[in-house]
Every structure is written in C-alpha cells, then in structure tokens.
Amino acid sequence: MSETNPLNPAPTATGGNLFVRACLRQPVDRTPVWFLRQAGRYMQEYRDVRKHHTLVEICKQPDIAAEVTITAAEKLDVDAAIIFADLLLPLEPMGLDFEFQAGEGPVVHKPVRTTEDVKALRTDRAEDLIYVARAIEKVNAHFGGRLGMIGFCGAPYTLASYMIEGGGSRNYIHTKQMMYGNTAAWRELLDKIIVVLVEYCRQQVNAGADVIQIFDSWVGSLCPADYAEYAFAASERLVREVQAMGVPVIYFGVETASLLAPMAKTGADVIGVDWRTPIDEAWRAVGHGHAVQGNLDPITLFAPLDVLEQRVKEVLKSADNRPGHIFNLGHGIVPGTPVENVQAVVKMVREHSTRRAG
Ligand code: CP3
C-alpha cells in the first residue's frame, strides 16, 4: 500500500494527488492528464528496448518494465504512470499459452471452446504474476508519489473473449456461441477469471497502485441486453472487490455509447469514454456521481497543432470544469504518432484547464 491513503489524498497539487483526487471527484486546480498506451511503439526509447526484448520479456522483468513505464511518463510529463504490462498476462497462469505474433497481435494456441476446456483452467497460480507488482514497487520508488500509479487488468468479458477466440476478433462468433449456447460454461469461465484477477489486482494494490483501471476493450461488441445478461455481473463483482482493497477503479471500454449507463452501474469511480461520444453527453449518461476519463480521438494527434489545440479545448469545454474529469485519449496511442504532439497536448491541457481552489 502506498503511504498516503488513496481515498483521502492530501490536497497538495502534485500530479499523483491531482490524479487520485480527480478520480474521486474532489476539486483540483487543473485537469490531470495521461494517455492510454503512453509507453509503446510510437516512442523511440520503447522501440530501442524492444530491439533486445520481446513484449513478454519486458513485462516479466520488473527492472525493464519499470524503466519503460518511467521513461514514457517522464518524457510526456503526465500526471499518472500506467504500469507496463499486458492484458493477456493472466492467461498463462490459468494454463493458456499465447504469443504476440508480429503484425497479428496476440495468439492463444489452444483457445477455450468447451466445458472441459473451462474446467481445465487453473485459478491457483495468480502468484506467478507477482512480477507486475514488483515493477510497480520500482516505479513508485522512483516517483515517490509525485505521479499517480495506475495498475490494470482486463475485464472478465474482454479476457474471456480473447481466451475463446484465441486472439483478436471481428465478430466474436465463438464467444457468443458459448455465451448463448453453453451459458453454464460461460459463467464458470467468468468466475474463474475473476478469482485470478482479484488476486492479481490485490498484488498490484499492495505494491502501491493508487488506482486500478479495468480494460473492457471489446465490450462494444455487445448490445445492452447481452451486456446486462452476460457481462455486467462479472464486471460489477470485480469493480467492487477492487474497491474493497481501498483504491478507486476506472472502467474503460471502446464503442460503448449505448453501454455507458450500464457500465456506470458497476459502481466504478471513473468511466473511461471513447471519442465517439462527447464528454458532456457521456457524463449525463453515466451520471455526475461518477468521474469520467477521456476522450480525444487518438488520430487527432496526427493533425496540425492548431487543429489539435482546438480539439483539446473542445474536450475540456465539454467537461466544463466539473470535478472529476481526467484528460485522456478515447483509445490508445497508435504507432507512428508524433511524440512532440503528445507532449504538446499535455501543455495544452495544463494551459486551458481552468484553475480552481484545491
Ligand atoms: O503504456 C501503456 O498503456 C501500458 C502498456 C499496455 C500494453 N498493453 C503494452 C502493449 C497496456 C495498458 C496494454 C493493455 C492491452 N493489451 C489492451 C487493452 C488496451 C486497449 O487497447 O484497449 C489490449 C486489448 C491488449 C492486448 C494486446 N496487446 C493487443 C491487441 C496487442 C497487439 C496490438 C498492437 O498494437 O500490436 C498487444 C501488444 C502490446 N501490448 C503492445 C504494447 C506496447 C504493442 C506491441 C509490441 O510492443 O510488440
């Protein structure tokens, strides 16, 4: 656990406190900012590390994972660092081998398709993931609380869909086949995922994560009725279990315009919003009892600076200086993004977010 209680951070304006205060909708003197996928291939320093190590090697070596996390956060001068890891790491201790194939994304060698496949998954080896917690400790030792420390995991639906499809998917046919056709196996799969994720998040919180972000990246493949029937309860359980550890939770999904209100019902402190829904509209949908995070279109980072600045101001205006806005993109930074434009956005957010008494 970090030294300050995240649920009652001191009102000083260091980036870390600023970020945690905003997650809790407490007043801040400027809008905190960080970026989804802030450490990644768009950054030369990351590409240099990748020349010598695979993605999974970086994740599993706390020194290197911490270095990659710290380098990106310092280079961008953001208010929070997200630990360098990957959504799929928990698959391995559950008994599923996977690899990242160049240009193809993740591939799970033996996807989960049957009741027997679900029954074979293990839930007793979450301890194997402790390398992520060790990396968090190193990042925290470096920043000493100056930046918010974000731990993360996938949401049950999104992780289940990776396990079942065996990788990224366009139509989620196998996932939905299990959901509709073998609902008992589907529920057992989500239950098993939750057991591992709760333990994994606990390790991260004990190591000093101030906030946990839950990525439901593929939840936009569900209509609201199916979200309610097949995904909501598992997400809600995970959110509540993590909050009981004493940290706020950010719950983020993509293509969620019709799911924002039900996602907020999980009780997550912060709802992450993709760029397709304006922040004011999203905020009305989730209710002002939640904070919101987002939501610049990541491809705006390729626009001329005057256009970019206009878009940054529009996001800030849409959030209207209410307590509880965290500036971010609507999804991750993509390869090829000019780093200097990302740095410029940080300065723009600092300049244009109105100062209020803290
Ligand atoms: O700075 C950060 O954001 C922390 C690092 C981070 C990575 N993955 C490292 C990574 C985070 C937060 C993730 C989460 C993650 N992983 C998500 C959820 C975020 C989202 O985008 O919605 C998802 C869906 C994954 C699964 C995953 N990992 C995919 C689909 C891919 C391949 C896609 C691609 O861009 O190639 C990855 C690989 C990956 N994970 C990279 C990074 C920096 C890029 C590939 C590399 O370095 O080889």
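Tutor: Buried means under 20% relative accessible area. Keep that cut-off in mind for this predicted model.

Student: Which residues of α8 are buried?
Tutor: Helix α8 covers residues 156-165, and ten of its ten residues are buried, so the helix is largely enclosed by the rest of the structure. The list of buried residues in α8 is P156, Y157, T158, L159, A160, S161, Y162, M163, I164 and E165.

Student: What follows α8, and is its phi positive or negative?
Tutor: The residue after α8 is G166. Its phi is near 85 degrees, which is positive.

Student: How do the axes of α4 and α7 lie: parallel, perpendicular or oblique?
Tutor: Helix α4 spans residues 62-76 and helix α7 spans residues 130-143. Their axes come within 8 Å and cross at roughly 45 degrees. Angles under 35 degrees count as roughly parallel, and 65 to 115 as roughly perpendicular. The two helices are therefore oblique.

Student: Is the crossing of α4 and α7 left-handed or right-handed, and which residues make the contact?
Tutor: The crossing of α4 and α7 is right-handed. On the α4 side, the contact uses P62, D63, A65, A66, T69, I70, A73 and E74. On the α7 side, it uses Y131, R134, A135, K138, V139, H142 and F143.

Student: How many residues of each class are in the contact of α4 with α7?
Tutor: Ala, Val, Ile, Phe, Tyr and Pro are among the residues that count as nonpolar, while Asp, Glu, Lys and Arg count as charged. By class, the contact has nine nonpolar, two polar and four charged residues.

Student: How many salt bridges are there?
Tutor: A salt bridge needs a side-chain nitrogen of Lys or Arg within 4 Å of a carboxyl oxygen of Asp or Glu. One network of them links R30, D77, D79 and R350. The count comes to 17 salt bridges.

Student: Which parts does the pair R237 and D191 tie together?
Tutor: The two side chains meet in a salt bridge at 3.1 Å, N to O. The partners are 46 residues apart in sequence, so the pair ties together helix α12 (residues 232-243), which holds R237, and helix α10 (residues 183-206), which holds D191.

Student: Where do E255 and R276 lie?
Tutor: Their side chains form a salt bridge at 3.9 Å, N to O. They are 21 residues apart, and the pair links distant parts of the chain. E255 is in the loop between β6 (249-253) and α13 (260-264), and R276 is in the loop between β7 (270-272) and α14 (279-286).

Student: What separates E314 and R311 along helix α15?
Tutor: They form a salt bridge, with the closest N and O atoms 3.6 Å apart. Both lie in α15 (residues 305-319), three residues apart, so the separation is about one helical turn.

Student: Which peptide bond is cis?
Tutor: Most peptide bonds are trans. Omega is near -5 degrees for the bond from G294 to N295.

Student: Is R37 buried or exposed?
Tutor: R37 lies in the loop between α1 (15-23) and α2 (44-52). It has a positive phi of about 55 degrees although it is not a glycine. Exposed means over 50% relative accessible area. At 54%, R37 is therefore exposed.

Definitions and conventions:
Residues numbered from 1 in each chain as written. Predicted model: local features only at pLDDT ≥ 70, side-chain atom pairs only at ≥ 80, totals over all residues. Heavy atoms only, no water. Axes fitted to C-alpha atoms, helices over the stretch in contact; angles between N-to-C directions. Helix = DSSP H or I, 4+ residues; strand = E, 2+ residues; numbered from the N terminus. Parallel < 35°, antiparallel > 145°, perpendicular 65-115°, else oblique. Left-handed = near helix turned anticlockwise from the far one by under 90°. Contact = heavy atoms within 4.5 Å. Buried < 20%, exposed > 50% of the residue type's maximum accessible area, 1.4 Å probe, protein only.
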